[in-house]
Amino acid sequence: MTDTVTVPRGLAGVVVTDTTIGHVRGLEGFYHYRQYSAIDLAGRRTLEDVWALLIDGALPPDPAALPAEVAPLRHLPDAVAAALPAIAAASSAVDPMGGLRAALAVAGLAAGARPLYDTSAAERRAQAMRLCAMTPTLLAALYRLRLGLEPVAPRDDLPHAANYLYMITGREPSDVHARAIEQYLIATVDHGFNASTFTARVIASTGADLYACIGGALGALSGPLHGGAPSRALDTLDAIGSVDRADDWLRVRILSGERIMGFGHPIYRTEDPRSRLLRGIARQLGGDLVDFAVSVEARVLALLAELKPGRELHTNVEYYAGVVMELCGLPREMFTPTFAVSRVIGWCANVLEQAEDSKIIRPDSRYVGQVPPQPVP
């Protein structure tokens with residue numbers, strides 16, 4: 001009989017490995033990528049700079065180097081492009097992440113992806129760069145194909161965020177909208193050992209190929225309690241309709257124990273710094289939706305403090321993420337996939353780090369069923 005250690009539900013607070021990629025300090029309302037504040041990076045650097053920071057470990061000395069490397073990798077291999085109409089036909093707006101998982105599986109087959117266990121660090125990095133670069137192209141193509149539209153080919157001259165918006169809408173975005181989405185993407189590249197990142201690392205610890213790791217992470221991200229909430233937070237605003245209806249609508253749901261999407265976080269016990277950033281971006285964009293969202297946020301926080309005292313429930317990243325994406329022209333079915341455009345970079349950084357550790361992640365469980373052995377009837 002082996003000794004077991006009792007741990008909290010959901011592994012809350014349990015340290016499972018060492019990392020140099022980043023960390024979340026929930027009591028302080030702070031998180032970082034490498035040695036830099038993630039919010040400071042979102043305010044001062046490009047997504048490509050942060051991409052280099054996570055994958056290569058440092059901000060690039062030449063800001064043009066990574067964009068030049070990434071641009072040709074956005075274009076899909078013929079075998080992958082040929083498979084997309086069938087994938088789009090089989091998927092739906094209800095589960096756009098399912099289409100991406102299928103497309104990446106095809107991309108992995110087309111690339112001849114080998115197990116991480118059997119590849120060099122240079123080969124793993126090359127695979128990661130291609131996977132991250134083509135993810136927006138796959139998402140945009142699948143979205144347009146589901147609508148009966150032709151995919152828009154990526155442009156090599158546009159930054160990563162602007163190119164994503166261009167491929168979705170078919171129009172070059174304004175600098176304001178491109179920068180707003182870029183800042184959102186930077187703010188969501190990585191966020192500690194969340195469910196999807198941990199999933200990617202568990203799969204990586206088995207030595208599986210990179211595409212399998214990212215496919216598993218996408219499955220975790222698709223859940224409404226993880227990455228699937230931005231559109232639901234905006235749906236809440238639609239359901240409330242007007243500020244004068246907010247208190248009655250919210251009070252009933254809070255008292256019944258229903259979760260208010262866009263509020264509360266398993267780590268933060270203060271304001272989510274990503275929410276603070278996105279609230280500022282939303283206010284810069286302006287408009288009736290922003291004014292309404294700010295007013296409803298105030299009522300939600302007041303009612304949560306009144307009805308759930310001591311719970312420390314604050315606005316999280318999803319609330320204003322939905323507002324910003326809506327104002328920048330992204331359809332709601334693409335909110336969670338847009339999260340994946342950035343998070344895939346963080347997942348790949350974590351997979352590359354995990355691949356350097358040969359120890360498989362294999363926790364234990366506590367059996368609480370009937371005492372064995374029982375006679376077999």
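**View 1. Antiparallel pairing of strands E1 and E2.** E1 and strand E2 (residues 30-33) run antiparallel and are joined over four bridges. Strands pair if DSSP finds at least two bridges between them; strands (E, at least two residues) and helices (H or I, at least four) are DSSP runs, numbered from the N terminus. The model is predicted: local features need pLDDT of at least 70 and side-chain atom pairs count only at pLDDT 80 or more, while totals for chains, interfaces and linings use all residues. Residues are numbered from 1 along each chain as its sequence is written, and side-chain values use heavy atoms, with hydrogens and water left out. Tyr-31 of E2 is the bridge partner of Val-24. E1 and E2 form a hairpin with four residues between them, and Gly-29 in the turn has a positive phi of about 65 degrees.

**View 2. The hairpin of E2 and E3.** Two bridges link E2 and E3, again in the antiparallel sense. His-32 has Ser-37 of E3 as its bridge partner. Two residues lie between the strands of this hairpin, where Arg-34 takes a positive phi near 50 degrees.

**View 3. The three-stranded sheet.** The sheet is open, with the order E1-E2-E3 and antiparallel pairing. Strand E1 (22-25) and strand E3 (36-37) are the edge strands, each pairing on one side only. Strands of a sheet pair through backbone hydrogen bonds, either parallel or antiparallel.

View 4. His-191 lies in the loop between helix H8 (175-187) and H9. His-191 is buried, with a relative accessible area of 7% (buried means under 20%, exposed over 50%, partly exposed in between; 1.4 Å probe, protein chains only). Apart from neighbours within four places in sequence, His-191 is in contact with Val-24, Tyr-31, His-265, Tyr-268, Arg-274 and Arg-343 (contact means heavy atoms within 4.5 Å).

**View 5. Packing of helices H9 and H10.** Helix H9 (residues 195-205) packs against helix H10 (residues 210-221) at an angle of about 150 degrees, with the axes 8 Å apart. The two helices are therefore roughly antiparallel (angles over 145 degrees; under 35 is roughly parallel, 65 to 115 roughly perpendicular and the rest oblique). H9 contributes Ala-195, Ser-196, Thr-199, Ala-200, Ile-203 and Ala-204 to the contact, and H10 contributes Ala-212, Cys-213, Gly-216, Ala-217, Ala-220 and Leu-221. Axes are lines fitted to C-alpha atoms, for helices over the stretch in contact, and angles run from 0 to 180 degrees between N-to-C directions.
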